[in-house]
Each structure stands twice: as C-alpha cells, then as structure tokens.
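Biologist: I would like to learn how to read a model like this one. Could you walk me through some features?

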Amino acid sequence: MRRKAVLILNFGSQYVQLIARRVRELGIYSQIVPFYLSLEKIMENEPYALILSGGPASVYTQGAPLPDERIYTLGIPILGICYGLQAITHQLGGTVERAQKQEYGRARLEVLKEDPLFEGLPKNFDVWMSHADKVSKLPRDFEILAKSENSPYAVIKHKLKPIYGVQFHPEVSHTQYGKEILANFLFKVAKAEKNWKMENFLEEKVKEVREQVGNKKVICALSGGVDSTVAFVLTYRAVGNNLLGVFVDHGLLRKGEAQEVEKHFKQMGLPFKRVNASKLFLERLKGVEDPEEKRRIVGHTFVEVFEKEAKEFGAQVLLQGTLYPDVVESAGIEGAQVIKTHHNVGGLPERMALELLEPLRELFKDEVRELGKLLGVPKEILERHPFPGPGLAIRILGEVKEEDLEILREADAIFIEELKKAGLYNKVWQAFAVLLPVKSVGVMGDVRTYERVVGLRAVDSTDGMTADWSKLPYDFLDRVMRRIINEVKGINRVVYDISSKPPATIEWE
Ligand code: XMP
C-alpha cells in the first residue's frame with residue numbers, strides 16, 4: 001500500500017518512535033528509515049518532509065552517522081532534531097563542538113524571530129534539552145530563530161530553503177508546544193495533508209489481506225491478548241471462514257482466563273478453537289526448576305500442539321500480530337526491511353513453511369487499540385495487561401505443581417480484582433502475583449503457621465524494556481494483603497516488590 005509519508009531518518013535516538021507517533025497523531029503517515037537511506041529510495045517515497053532524529057553520536061568524530069548530503073538540495077522540507085540539527089550544521093559548513101555546559105532537562109526558549117514554525121505560540125516557553133554538543137557557528141545562509149540560556153542556536157533556519165533545526169526535543173511531552181511546533185512544520189512549512197485515519201487504514205488493509213491470501217487457508221495462534229485478537233478480527237473480515245484461530249490452553253493461564261477468552265470469541269462469532277493441552281504441558285514440566293528450561297519446554301510443546309492443528313486445518317498462511325516497534329527494533333538503525341526473527345510463536349513459519357501474514361506491521365500499540373475498538377473487540381481484551389507466553393510457569397518459582405497453580409491463581413485473581421475495583425488496573429502497565437518457593441512462620445488465631453509467601457508486582461512502563469514499581473496506595477496494598485491471607489489457603493505472608501527494571505526484570509524468572 002503506497003501512502004505519502006513523512007520519513008524519519010533514524011540516527012539512533014531513544015525517542016525515534018515517539019517522533020513517528022507524534023506525526024501520526026497529527027494525522028500524517030510517518031515511517032522510520034535508516035539515516036543512510038539512499039537518495040533514490042527517499043525520492044521514491046515522495047515524502048512530505050524529512051525529519052532527522054536525535055542520536056548518541058558526535059558529528060565531528062570519525063565515522064559519525066550522516067545522511068546523503070544531496071537531501072539538502074531536493075527542496076523537500078527538513079527538520080533536524082538535536083543530533084539532526086548538528087548534522088545539518090556540520091554538513092552545510094557550520095561548526096559543532098562539545099558544549100562547556102551540557103544541557104539536560106528543562107530550558108527556557110526565547111523566540112527571537114517570527115516564523116511559521118512558531119505561529120500561535122508565545123515568545124517564551126519551556127523545552128526539553130538533552131545534548132552534550134552544540135552549534136557554535138552557523139552554516140552559510142542560516143539564521144537564528146530562537147535561543148536558550150545555554151544554546152544560542154536553539155532553533156535555526158535556512159534563509160531561502162525550508163530547512164530547520166531545533167536543539168531541543170519537540171516530540172517529548174515535557175516540551176511545551178512541542179506538538180504545535182511539529183504541526184506548524186508539517187502543515188505550514190511542508191504543506192502536508194492528513195492521510196492517516198484508522199477507518200481508511202482498516203478498509204485498505206482488509207482489501208490488501210484479501211488480495212494476499214486469495215483462497216488460501218490462514219491459521220492464527222490466539223493468546224487472548226490485544227495484538228493477536230485485533231489481527232485475527234481484521235483478517236476474518238477479509239477472508240471469513242478460511243481463517244482459524246487456535247487458542248492453546250496450556251494449563252498455565254490465570255483464573256477463569258481460558259473460559260473468558262472463549263466466551264469473547266464465541267460472542268464475536270469467530271472461527272475459534274480451544275485446544276485443552278494442559279495435561280501434556282504439566283506432564284512435561286514435572287520436576288523442572290530452571291526458568292529457561294521451563295520456557296523452552298512450554299515453547300516446544302506449544303509448537304507441537306499448534307503444528308498439529310495447522311496440518312489438520314490445511315493452513316498455508318500464518319497470521320501474526322507483529323507490531324511496528326518489533327519491526328523497527330529488529331531492524332535497528334541498520335534500518336532495512338529485515339523481518340522480525342523472533343516471532344511471537346517461536347520459529348513457526350520457518351518450520352512449517354508457512355507464508356507469513358502480518359497486517360499490523362505498520363501500527364503502534366495504541367493504534368492497534370484504536371483499530372480494535374473500530375472492529376468491535378471487547379474492552380476487556382483491548383485493555384488487558386501483557387501476559388507472558390509461558391504463563392504462570394514463570395510465576396511459580398521452581399517446579400510447577402498443580403496445587404501451586406491453584407494457590408497462585410487465587411492470589412493473583414484477588415490482586416487483579418482489587419486493582420479493577422479501585423480503578424487502578426488501567427493505571428499500571430502490568431500487575432500480577434508470584435508464588436515464592438519459601439515458607440515463613442506466621443500466627444493465625446493463636447496458632448503458629450508455616451506457609452508460603454506471595455509476591456505482588458505492579459509496574460509502570462511504556463514498552464516493558466524499562467520499568468518502575470508502581471506506587472500503589474498503602475491502604476490498597478493492605479486490603480489486598482488481608483484478602484489474600486484470609487482467603488487463600490496455604491499463604492501466610494504477602495510482600496510487595498519494589499525493584500525497578502533494570503536492575504531487576506519485570507517477571508521473577
Ligand atoms: P521481563 O521479565 O523480561 O519482562 O522484564 C518484560 C515483559 O516481557 C514479558 N515476558 C515474556 N513474554 N514470553 C513472553 O511472551 C516470555 O518468556 C516472557 N518473559 C517475560 C513480561 O511479562 C513483561 O511484560
């Protein structure tokens with residue numbers, strides 16, 4: 001599908017995906033591409049504009065990443081952000097050097113010259129800086145539009161061409177009017193048109209999937225999570241009953257989860273099959289304590305069960321809910337069109353020689369939720385916390401036993417139920433209980449007890465790569481503790497995990 005885009009040349013900024021999202025939020029399709037994308041490829045895209053991202057390098061070091069210099073002669077509007085501004089300066093004959101005073105965090109911007117970039121904005125506002133280098137001499141034909149205390153060249157512009165550079169980060173929420181600056185650049189300077197609306201995407205995608213699939217049979221492994229469900233419902237619109245969704249119940253799910261997932265899919269009237277394989281999984285996990293070994297066993301057994309279903313159905317195509325961040329991440333700043341190697345369902349397409357269908361490859365998570373809403377996917381699924389493939393197997397530390405699964409399910413259900421009741425479920429990124437392999441002494445009703453410990457974990461995160469522990473209210477934690485100890489047999493102690501990631505991970509195994 002061809003769509004005019006704003007191309008974001010990636011120099012390795014931690015914010016590169018944020019830039020892409022901001023542009024899409026403004027209703028314009030954006031794509032992240034490697035900084036060295038050839039001029040021919042750039043031209044082929046007929047972009048509305050180029051945005052040069054930030055990055056960790058210094059332009060004056062040898063081998064620093066720089067774009068093809070000819071981009072400045074194309075007449076395409078360019079906005080350089082942070083390192084992007086420095087790259088423009090360096091390539092067009094200005095000077096960039098290490099700043100004596102490095103600038104991180106809030107800075108006050110002072111607009112010195114009126115420009116379409118600042119239309120409708122005040123003369124002074126706060127921006128977010130994060131740089132060690134700075135411009136010390138402008139390239140020829142450039143002028144200063146704004147400064148900050150430590151950056152005399154905080155915003156610069158070519159006098160004749162639509163080439164801009166900003167030292168701060170308009171894409172982060174801490175920059176006041178950041179979105180307005182991007183909007184001014186895209187609509188006023190680059191004259192971009194709104195071409196990114198979920199309704200249009202859905203219509204086009206359904207058509208595209210129908211064309212790609214033809215009469216072939218498509219299979220999908222459903223987890224009950226957002227991505228696979230939305231991919232599944234969209235594909236169903238395109239190919240109807242040539243699609244089958246297989247939900248492998250490995251017996252490591254949370255309380256009532258399998259029934260709930262089944263209920264939702266049945267209600268939506270979709271071709272859904274639940275395969276109960278819990279006996280097989282638990283059998284294979286018997287006596288296994290090592291977390292990675294547990295993961296391996298669950299993964300392999302899953303493939304085995306799923307493969308059998310796919311053969312029976314005669315599937316030729318495998319549907320997966322791969323998202324844009326996965327695609328970008330696996331490609332890294334090497335960019336290129338590498339397909340994610342670690343698919344959700346480990347190595348399935350290669351092993352089964354199936355064609356791959358990934359209708360959500362262009363979307364961010366929040367866009368998938370929006371699409372899901374449009375497709376009538378129930379709220380419970382769209383708002384669900386992430387849940388690991390190996391399920392409770394990695395939340396029972398050590399060997400997985402049937403009776404421990406019961407204990408953990410009960411404790412976890414109380415925690416989640418209370419989070420929902422308190423309106424906190426959607427405020428935390430992920431929350432769950434873990435069962436520890438230790439016993440501790442307690443006293444209940446004058447009787448000494450010697451029972452198991454449950455750990456509660458709730459984290460704030462945006463992508464699971466880094467996370468901080470959620471500052472849940474004490475009275476809330478107190479309520480959860482009381483309920484778990486009173487209602488779950490075998491537990492006499494509850495602890496709350498206050499580790500961040502890094503150095504800890506989100507899961508305990
Ligand atoms: P960690 O524990 O690595 O978790 O900080 C980050 C995110 O990934 C999930 N996770 C997994 N998901 N298979 C999965 O599908 C796994 O083996 C696995 N391990 C962790 C975890 O729940 C969190 O959202």
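**Reading the model**

Modeller: Let's begin with K191, which counts as exposed because its relative accessibility is 58%. Exposed means over 50% relative accessible area, buried under 20% and partly exposed in between, with a 1.4 Å probe and protein chains only. This is a predicted model, in which local features need pLDDT of at least 70 and side-chain atom pairs count only at pLDDT 80 or more, while totals for chains, interfaces and linings use all residues. Residues are numbered from 1 along each chain as its sequence is written, and side-chain values use heavy atoms, with hydrogens and water left out.

Biologist: Where is K191, and what is its phi?

Modeller: K191 sits in the loop between α4 (178-189) and α5 (198-213). Its phi is positive, about 55 degrees, although K191 is not a glycine. Helices (H or I, at least four residues) and strands (E, at least two) are DSSP runs, numbered from the N terminus. D141 also has a positive phi, near 70 degrees, and is a residue other than glycine. D141 is in the loop between β6 (124-137) and β7 (142-147), and counts as partly exposed because its relative accessibility is 33%.

Biologist: How should I read a helix such as α9 (residues 291-313)?

Modeller: An α-helix has 3.6 residues a turn, so residues three or four places apart point the same way. Helix α9 has 23 residues and reaches 33 Å from its first C-alpha to its last, close to the 33 Å expected at 1.5 Å a residue; the expected span is 1.5 Å times one less than the number of residues. Among the buried residues of α9 are I297, T301, V305 and E309. Just after α9, G314 takes a positive phi of about 75 degrees.

Biologist: Which residues are closest to the ligand?

Modeller: The closest are R295, Q430, K501, I506 and E507, out of 13 residues that surround the ligand; a residue is near if one of its heavy atoms lies within 4 Å. A polar side-chain atom of Q430 lies 2.9 Å from a ligand oxygen. A side-chain N or O atom of K501 is 2.7 Å from an oxygen atom of the ligand, and a polar backbone atom of I506 is 2.7 Å from an oxygen atom of the ligand.

Biologist: What about the peptide bonds at P502?

Modeller: The bond from K501 to P502 is cis, with omega near -15 degrees. Another cis peptide bond joins P502 and P503, with omega about 10 degrees. P502 lies in the segment after β18 (491-496).

Notes: Polar contact = N/O pair within 3.5 Å; in protein donor to acceptor, adjacent residues only side chain to side chain.
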